[in-house]
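Try each task before reading its solution.

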Amino acid sequence: MILQIKNLFKWENSGGNRVFLLNDIDFTVNEGEFISIMGPSGSGKTTLLNVIGMLDGFNEGEYTFFHKEYIGFVFQSYHLIDELTVYENIETPLLYKKHRSSERKALVADMLDRFNIVGKKDLFPAQLSGGQQQLVGIARALITSPKLILADEPTGNLNSKQSDEIMTLFKQLNDEGVTIIQVTHSEKNAAYGSRIINLLDGRIVSN
Amino acid sequence: MKSHIINTIIRNLVKKKFLSLTKILGLIIGYSIFMFLVVKIQHETNYDQFWNHSESVYRVALDLKYENGEQVKSAKNFHGASELLNLELPEILNHCNFNKDVVTIFSGSTQKIQDVDFVFSDPSFFDVFERKIIKSENTGVLKNIHGVVISQSFAHKLFGNENPLNKEITVNEGWKFVVDAVFEDIPDNSHLKIDVVATYKSLFYYMRNFDNTRQILIDNPNFTYKQPDPYTVRRWRTPVAYRPYCYIKLKEGTNINTVESKVAALLTKVPLPQNLKDSNMAFNFQPIKDIHLKSNLDHEISANGNTKQVLFLSIIIFVVLFVCAINFISLNTISNLELLKNYAIRLFSGATYTQIFQLMFVESFLINALSLLISLPIAYALITTQLPAHTIDLSILLYVVFVLILIAFSAALIPFLSVVKNRFTSGLKIVGQKINQNWRGQKLMVTAQFSITIILIVCTIGIYKQMQFMMQTDLGFNGKQTLFSFSPMTMNQHPDIPVKLSTFRNELLTLKGVNSFSTSSSIPGQTTPRLNNQVKAVHTAGPFPATFNEVSIDDAYLKTYNIKLIAGENLSFQNDWVSNDILINQTAAKDMGFLSANNAIGNRVTLGKHDCTIRGVIEDYHHTSLHNAIKPTIYAQNIRWDHSVGYYSFQLNSDNVTGTISQITQIWNRLYPKEEFIYNFSEASFASQYESDQKFNQILTYSACLALLVSCLGLLGLTLFNIKKRLKEISIRKVSGASVKQIIIMLNIDFIKWVLVAFVISIPISWYAINTWLEDFAYRTSIDWWIFGIAGFASILIALTTISWQSFKAATSNPVKALKEE
């Protein structure tokens, strides 16, 4: 078991009414799983992902996980720093951990090699296609060897070919032992995973 | 720090070219002005601090309260003052007196230098004012009765690169001296400007033994010099014109209060003349380094600086720096707002807030350092052109670095606290969401910048108005087309003066171009060094309760300077240029107690040993600048006005001025062959009294313009940022039917209202500032409401121009584009 959520509630007060963003969420994730969270717009998918990633808090309930350091994030709009090169973007998370410079070099080189982007290491995000940018985003998420990857619509801005590539990559990572939770709209993407959690109005409707 | 800080910073700078340029330009202006003005203030405040033991050198000034209540605070004192202190008090290391003279010096057959700063002093002069001295082995300094000691730069002026030692120089009418030694120049920032030093002993020797008719010195081996003795009455009765400046140097560790407390007792030991005995007499010990800024006594050696100007300069420094710093801070906040996304990414990549702050500080610091680097040569150029003789004290770098760190730190801290820190309260919500780029502080910044700018503009206009006022005020005389020269020095004390002068005048008056010619001891725009507080009505005991200026003139003076006679008649022509008739001005008539100008005519007053008759009363005119009130003045007809310089004035008519001048030169050269005819225009000479005001005005004007420029740059940066932020809003409004005009108004009003607030804030402050400055002028212009109006209107207009183009561009942009991007 990698994380456990028990009777979790998150709400906002608007005009005297309590609006539930997450309503009595209850589930467990085991190591090596590849979970897809699905549901219509506004059903609370991203909120749930943010809570799992500790990017956002909650009002009630129980959530057990180790530490934020063991999570990597992948976003729909990549969120790369425009002023940094591919190499520097991937390196960024290492700068805030205690790594020696030679160690950092080796880790980034590995990552570039693994994603076949060595030739692009000195380019800036704006010079890359969306798919390539997302590759960099994933490389950055993986550089600290996280136990869990949280991906919020990772292929939302990509065409179908790029989309397939990224999903294949996720599958591959999952096979190597990384636990993945993704938010997605696409049945096709969800099919890459091992389990689907369906949300509606902040409630789990099927698991 | 290991992150890619430097790369990021450089890329940010390059990417946001306009914003970066604006930031850097503002800082360059700030740092340049800061360094220049700090050096200028250092120059003003470090006067006379270079002397060895400058803290123990004091000038002994004189405070006299006469029995009739009249008070004189003079920079000069009696010869006996420092001599008495030196003899009686063990606390005093040494002392000297000196009398200053302005002379013409000749060397060789042709070389001639006018206006030389020459002093007669005691042999101990260089013990009080220590200088490096170069001399031959076997000569003493100020020991030789024929010797003088001259400054290095003056030696260079006279003899070029030749060795000046033992060279001969001739002073005025023919006193020949030998250069015994050369002293290291007295730095520019000293109240003493001295190029030649000779001893009192030489003075008396030459006065006694110089034959003025033949213009040679008749050596007298039997000459004995009466050593100065403060216990004789002659050391205490010198008239003010001949009194020296007195200096003492204390032994180390002595407190001046000890000396001060003993003065009253000492003065009882000397035979003071009756008028001093009857009055309240005290010595005023002025630390030498305070003289330039703090001393404002009568008879100062030269015009001193003033504390107020230094204060104003300090305020200008602070204010300009403040404007530039605010500009940088607000632009930096904007760029940090645009970088919020990056900070968010760094934060979820594991950075802490402290690390983000470090990043912001390093960036801010590097931009400041770059700007400082660029401004160094600019400031250096300013300093070397404006203060050529000043040696730059490197301590200024310390101040600059301090200011740099302060600005860099606040420019990182303010955006950090106001827009970055706590921005991401609930976890890292920001990621994946639209970033709110509001920043409340910017309105405050705009208001502060513009308040200061408007204050500077008001002060500039006010001071400019005062300058205009001074230039345009009817001075009561007319110096148009009037030339003046010094009276020929070679003739001083010469018995032939009146004869030669008459010849000179008669020949001049045959020239078609010369309307009139006059000789006088002072002319408008020059000081009136002769003061007299013992003027009294004939056959009365007590003098009038006032100190009168005395000027010697001739019958043509009024015509030459076009001065109006309001009662009585002008002086009449005298063959020997001397009579017992006098003119007085209106102020003098009032001070003598006459009810009207007409009442004064025919009255007799005692001037020194002469009983004189008041022949006429002239309208008050401004003999000196409008800084000073018009003083009661007596115009005597007496060519023998001591040994001091006099003036020859020539009123020309307008045609062929150059031709006339060359004709005058010919006559002069024939009559006074040893001296060149050097002339100046009276009008220009009078105006030169305002040089320091003009310089100050210049500094203020430039500062105000630069502050305005920087404020506008800041405003432009803010406008660009805000418009970018509101592009979607603007598009929606346009799609909903707003016209271009409505949108421009909407965008402009947002800023203009803050400029208006700034205007309101600045009115009282600038009103106070300008009035404080004007207090220094006896005659001043009025500060009208329209000055504020113009300043406010101008800044609003400039602000509008700055932002309107951007507003226009935004208002006319294609709304579809902006909406699509969302």
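**Exercise 1.** Find how many salt bridges there are between chain A and chain B in this predicted model, and name the side chains of one that meets at 2.7 Å.

*Solution.* Start with the count: there are two salt bridges between chain A and chain B. Next, look at E83(A) and K15(B), whose side chains form a salt bridge with an N to O distance of 2.7 Å. A salt bridge here needs a nitrogen-to-oxygen distance within 4 Å, so this pair qualifies.

**Exercise 2.** Work out which elements of chain A give two or more residues to the side that touches chain B, and which gives the most.

*Solution.* The elements are β5 (71–75) and α2 (86–95) of chain A. Of these, α2(A) contributes the most, with five residues. Sorted by class, this side of chain A has eleven nonpolar, four polar and nine charged residues. In total the contact takes 24 residues from chain A and 25 from chain B. The buried area is about 2,200 Å², and carbon and sulfur atoms give 55% of it.

**Exercise 3.** Trace the open sheet of three strands in chain A and explain why β2 and β4 each have one side without a neighbour.

*Solution.* First, read off the order, β2-β1-β4, with antiparallel pairing. β2 (17–29) and β4 (60–64) stand at the edges with a single partner strand each, so one side of each has no neighbour in the sheet. From one strand to the next, the twist averages 25°.

Now zoom in on one pairing: nine bridges join β1 (residues 3–14) to β2(A), and I5(A) has F27(A) as its bridge partner in β2(A). Finally, helix α1 (residues 45–52) of chain A lies across β1, β2 and β4, at about 60° to β2(A).

Definitions and conventions. Residues are numbered from 1 along each chain as its sequence is written. Chains are lettered from A and ligands numbered from 1 in the order in which they are written. This is a predicted model: local features need pLDDT of at least 70, side-chain atom pairs count only at pLDDT 80 or more; totals for chains, interfaces and linings use all residues. Side-chain values use heavy atoms; hydrogens and water are left out. Two strands pair if DSSP finds at least two bridges between them. Helices (H or I, at least four residues) and strands (E, at least two) are DSSP runs, numbered from the N terminus. Axes are lines fitted to C-alpha atoms, for helices over the stretch in contact, and angles run from 0 to 180 degrees between N-to-C directions. Contact means heavy atoms within 4.5 Å. Buried area is the accessible area (1.4 Å probe) that two parts lose on being put together, summed over both. Ala, Val, Leu, Ile, Met, Phe, Trp, Tyr, Cys and Pro count as nonpolar, Asp, Glu, Lys and Arg as charged, and the others, Gly among them, as polar.
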